[in-house]
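Please keep the sequence and the model in view while reading.

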Amino acid sequence: MKFLDSVKAKVAIDMFTIQMGWSLWFIPIVLVVNILVNQFVPEVQERGLSFIAFIFQPAKIYMLVIGIISGFAFLSHFIKNGIIRKDYFSGSAIAAAGVALGIIVISAVITVVMMLFDWFAASPPSNIDFLEATSSAWLVPILALSLITFSYYIAGWIIAVGFQRFGGWGIGFVGIAIVQTILTDILWEGHPTHPLTGFIRITLPDLSIPTALAGTTLIIGLGLWLLRATTRRMPITPE
């Protein structure tokens with residue numbers, strides 16, 4: 001049995017190409033902001049962060065947003081071009097994982113270049129607070145940051161699918177997406193990090209890296225299961 005047939009691969013490549021195209025605008029914009037902050041804004045918390053640490057929080061929100069956009073934009077397009085829902089779902093999930101990994105790897109490469117030229121406070125991602133426990137300078141942090149941003153993408157996708165499937169009642173899926181992002185944040189950072197969820201007073205003691213990785217993988221898996229169950233028989237509205 002092939003792991004990935006040609007149809008799923010075509011969907012995955014198409015969606016990865018489109019979304020990485022968006023991301024190749026997002027990353028330089030954040031890089032410019034990072035440089036400006038380091039050069040001209042002396043009294044902000046973000047000053048002195050390496051680029052991969054600086055882009056991490058914006059990348060979570062960016063992935064949430066493109067998860068919403070992609071969820072609304074691509075399902076009907078692929079279905080009307082003869083792609084069955086199962087192939088669309090598998091291809092989309094693979095593409096999203098690839099985009100999350102691609103953003104973090106490109107950010108890591110930029111950070112390495114900044115370290116080579118001693119620009120600002122460039123340092124490996126293991127210097128991010130919640131990753132200090134790992135002895136891996138790059139591999140584990142890249143995996144962790146990719147999983148976290150992927151989880152945010154899934155949350156955005158859940159929001160889009162909820163409204164597509166249930167109309168106004170899809171507002172309930174916004175709550176599910178918020179829970180997904182909160183659980184992801186708590187696993188790694190001990191508390192919700194998004195400003196909109198800052199009022200939620202839930203904290204956890206620091207978890208081990210393997211526990212956080214396993215928990216995030218489980219959350220992503222549950223999110224994908226929900227998406228597949230919701231889209232399995234979802235009607236497609238004619239354009």
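## A buried lysine and its partners

Lysine 60 has 1% relative accessibility and so counts as buried (buried is under 20% relative accessible area, exposed over 50%, partly exposed in between, with a 1.4 Å probe and protein chains only). Salt bridges with shared partners join Lys60, Asp185 and Glu189 into one network (a salt bridge is a side-chain nitrogen of Lys or Arg within 4 Å of a carboxyl oxygen of Asp or Glu). In the bridge from lysine 60 to aspartate 185, the closest N and O atoms are 2.9 Å apart. That pair links distant parts of the chain: lysine 60 sits in helix H2 and aspartate 185 in helix H6, 125 residues apart. Lysine 60 and aspartate 185 are both buried.

The bridge from lysine 60 to glutamate 189 has its closest N and O atoms 3.3 Å apart. Lysine 60 is in helix H2 and glutamate 189 in helix H6, so this pair ties together parts 129 residues apart in sequence.

## Basis of the model

This is a predicted model, in which local features need pLDDT of at least 70 and side-chain atom pairs count only at pLDDT 80 or more, while totals for chains, interfaces and linings use all residues. Residues are numbered from 1 along each chain as its sequence is written, and side-chain values use heavy atoms, with hydrogens and water left out.

## Overall build

The chain has seven helices and zero strands (helices are DSSP runs of H or I with at least four residues, strands are runs of E with at least two, and both are numbered from the N terminus). From the N terminus on, the order is α-α-α-α-α-α-α. Buried residues make up 48% of the 239 residues.

Among contacts between residues at least 6 apart in sequence, 73% join residues at least 24 apart (contact means heavy atoms within 4.5 Å). The chain exposes about 12,300 Å², and carbon and sulfur atoms supply 69% of that area (areas come from the Shrake-Rupley method with a 1.4 Å probe; for residues, only the protein chains shown count as cover).

## Another salt bridge

A search of the whole structure finds four salt bridges. One of them joins the side chains of lysine 8 and aspartate 87, at 3.1 Å from N to O. Lysine 8 is in helix H1 and aspartate 87 in helix H4, 79 residues apart, and the pair links distant parts of the chain. Lysine 8 and aspartate 87 are both buried.

## The nonpolar core

The largest nonpolar core has 65 residues, and Met63, Trp157 and Trp188 have the most contacts inside it (a nonpolar core is a set of buried Ala, Val, Leu, Ile, Met, Phe, Trp, Tyr and Cys residues joined through side-chain atoms within 4.5 Å). Helix H1 (6-40), helix H2 (51-73), helix H3 (75-80), H4, helix H5 (139-166), helix H6 (171-189) and helix H7 (209-231) each supply at least two residues of this core. H5 gives the most, with 14 residues.

Which residues does methionine 63 touch, not counting those up to four places away in sequence? They are Ala96, Val99, Ala100, Ile103, Thr149, Tyr152 and Tyr153.

Alanine 212 is placed in helix H7. With 1% relative accessibility, alanine 212 is buried. Beyond its neighbours within four places in sequence, alanine 212 is in contact with Leu187 and Trp188. The C-alpha atoms of alanine 212 and leucine 187 are 5.3 Å apart, across 25 residues of sequence.

Isoleucine 186 is found in helix H6. Isoleucine 186 is buried too, at 5% relative accessible area. Its C-alpha atom is 9.1 Å from that of alanine 212, 26 residues away along the chain.

## Aromatic pairs

The structure holds eight aromatic pairs (rings of Phe, Tyr and Trp, the last by its six-membered ring, pair if their centres lie within 6.5 Å; planes under 30 degrees apart are stacked, over 60 edge-to-face, and the rest tilted). The rings of phenylalanine 166 and phenylalanine 173 have centres 5.5 Å apart and planes at 40°, so this pair is tilted. Phenylalanine 166 is partly exposed at 37% relative accessible area, whereas phenylalanine 173 is buried at 11%.

One aromatic cluster is formed by Trp22, Phe74, Phe78, Tyr88, Phe89, Tyr153 and Trp157.

## A nonpolar surface patch

Leu101, Val105, Val109, Val112, Val113, Leu116 and Phe117 make a nonpolar surface patch of about 610 Å² (patches are made of residues with over 30% relative accessible area and no salt bridge; like charges are joined within 9 Å, nonpolar side chains, namely Val, Leu, Ile, Met, Phe, Trp and Tyr, within 5 Å). Valine 112 belongs to helix H4 (residues 85-116). Valine 112 is partly exposed, with a relative accessible area of 34%.
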